[in-house]
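Here is a short briefing on one protein chain. Look over the sequence and the fold, then work through the points below.

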Amino acid sequence: VQLQAFGGGLMQAGGSLKLSCAAAGSINSINAMGWYRQAPGKQRELVANIISSRRITNYADSVKGRFTISRDNAKNTVYLEMNNLKPEDTAAYYCNANLRERLFAAYKDYWGQGTQVTVSS
């Protein structure tokens, strides 16, 4: 299983970016997909995630009202639309999927490569 993320870049404060991440490979079922971020010298933190079956979304307080997570189940793809970006949003963003490769197998976490988001003031 591989997760491939796209969409990072450099943006001015107040601008918008959209990240996407597609999961590919032997996938039986995906429980949840989401985005984490890690700034230099800081711990990795949850930005947002979406639980597939119940369409439940969770957001970090710092991004509520600005970021929107969505998912295309048919494409095993998760998106993160980021609006009104702030310099403190600067970080490497990592895609995460909690999935199982076969029926009755345990669900495991998989990670994509980081994509850098840099917001200038």
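Does Gly25 count as buried or exposed? Gly25 counts as exposed, because its relative accessibility is 58% and the exposed class begins over 50%. Keep in mind that this is a predicted model.

**Gly25 and its surroundings**

- Gly25 sits in the loop between strand 3 (17–24) and strand 4.
- Its C-alpha atom is 4.4 Å from that of Val1. Along the chain, Gly25 and Val1 are 24 residues apart.

**Salt bridges**

- The structure holds 4 salt bridges.
- Asp89 and Arg37 form one of them, with N to O at 3.0 Å. This pair links distant parts of the chain. Asp89 is in the loop between strand 8 (77–82) and strand 9 (91–100), while Arg37 is in strand 4 (residues 29–38). The two residues are 52 residues apart.
- Arg66 and Asp89 also meet in a salt bridge, at 2.8 Å from N to O. Again the pair links distant parts of the chain, 23 residues apart. Arg66 lies in the loop between strand 6 (56–59) and strand 7 (67–72).
- Shared partners join Arg37, Glu45, Arg66 and Asp89 into one network of salt bridges.
- Lys64 forms a salt bridge with Asp61, and their closest N and O atoms are 3.1 Å apart.

**Burial of the charged residues**

- Asp89 has 0% relative accessibility, so Asp89 counts as buried.
- Arg37 is buried too, because its relative accessibility is 6%.
- Arg66 has a relative accessible area of 8%, so Arg66 is buried. The cut-off for buried is under 20%.
- Asp61 counts as exposed, because its relative accessibility is 65%.

**Aromatic rings**

- There is 1 aromatic pair in the structure.
- The ring centres of Tyr36 and Trp111 are 5.0 Å apart and the planes stand at 65°, so this pair is edge-to-face. The edge-to-face class takes planes over 60 degrees apart.
- Tyr36 lies in strand 4 and Trp111 in strand 10 (residues 108–111), so the pair ties together parts 75 residues apart in sequence.
- Tyr36 counts as partly exposed, because its relative accessibility is 23%.
- Trp111 has a relative accessible area of 38%, so Trp111 is partly exposed.

**Charges over rings**

- Lys18 places its charged end over the ring of Tyr79, 4.9 Å from the ring centre.
- Arg44 places its charged end over the ring of Tyr94, 3.8 Å from the ring centre.

- An open sheet is formed by 4 strands in the order 1-3-8-7, with antiparallel pairing.
- Which strands stand at the edges? Strand 1 (2–6) and strand 7 do. Each has a single partner strand, so one side of each is left without a neighbour in the sheet.
- On average, neighbouring strands of this sheet are turned by 15° against each other, direction ignored.
- Strand 1 and strand 3 run antiparallel and are joined by 5 bridges.
- Ala5 stands opposite Cys21 of strand 3.

Terms used. Residues numbered from 1 in each chain as written. Predicted model: local features only at pLDDT ≥ 70, side-chain atom pairs only at ≥ 80, totals over all residues. Heavy atoms only, no water. Salt bridge = Lys/Arg side-chain N within 4 Å of Asp/Glu carboxyl O. Buried < 20%, exposed > 50% of the residue type's maximum accessible area, 1.4 Å probe, protein only. Phe/Tyr/Trp six-rings, centres within 6.5 Å; stacked < 30°, edge-to-face > 60°. Lys NZ or Arg CZ within 6 Å of the ring centre and 35° of its normal. Pairing = 2+ DSSP bridges. Axes fitted to C-alpha atoms, helices over the stretch in contact; angles between N-to-C directions.
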